[in-house]
Amino acid sequence: MNNTLYVGNLPYTYDEEKLTSLFSSYGKVTSSRIVRDRVSGKSKGFGFVEFESSEEANNAAQALNNIEVDGRNIKVNVAKPKEERGPRRSRNNFRRSGNFDRPRR
């Protein structure tokens, strides 16, 4: 079983330290991460918490799912493994290839 939890609907003021503090009473937190916007650096309102064991992660997920944190009901689930994605094509390369149906401006 996975020992990483997805935490959604987090207050935008939360950082990694607050996230670790919230979950640390349910076991040893090995890492926590808030997902941020690449450009602005602002929180996207979700993150991940990794525990030392899957048992600790399960206990935390059951205890903290749907509780109110700073006026928001957080969602806590076992994280799904990250899917491998193929190479990304930029829009500009797509246009230059001649496969774009709309006329150029």
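Leaving aside neighbours within four places in sequence, V76 is in contact (heavy atoms within 4.5 Å) with L5, Y6, V7, F23, A61, L64 and N65. The model is predicted, so local features need pLDDT of at least 70 and side-chain atom pairs count only at pLDDT 80 or more, while totals for chains, interfaces and linings use all residues. Residues are numbered from 1 along each chain as its sequence is written, and side-chain values use heavy atoms, with hydrogens and water left out.

V76 is also among the residues with the most contacts inside the largest nonpolar core, together with L5, V7, F23 and F51; this core has 18 residues. A nonpolar core is a set of buried Ala, Val, Leu, Ile, Met, Phe, Trp, Tyr and Cys residues joined through side-chain atoms within 4.5 Å. At least two core residues come from each of β1 (4-8), α1 (16-23), β2 (29-36), β3 (43-51) and α2 (54-64). Helices (H or I, at least four residues) and strands (E, at least two) are DSSP runs, numbered from the N terminus. The largest share, four residues, comes from α2.

Strands pair if DSSP finds at least two bridges between them. β1 and β3 run antiparallel, joined by five bridges; V7 has G47 as its bridge partner in β3. β2 and β3 are likewise antiparallel, with six bridges, and F48 in β3 is the bridge partner of R33.

S32 lies in β2 and counts as buried (under 20% relative accessible area, exposed being over 50% and partly exposed in between, 1.4 Å probe, protein chains only) because its relative accessibility is 17%. Its side chain reaches two partners:

| Partner of the S32 side chain | Distance |
|---|---|
| T20, side chain | 2.7 Å |

The T20 pair is a polar contact, meaning N or O atoms within 3.5 Å, where within protein one must be able to donate a hydrogen and the other to accept it, and residues adjacent in sequence count only if both atoms are side-chain atoms.
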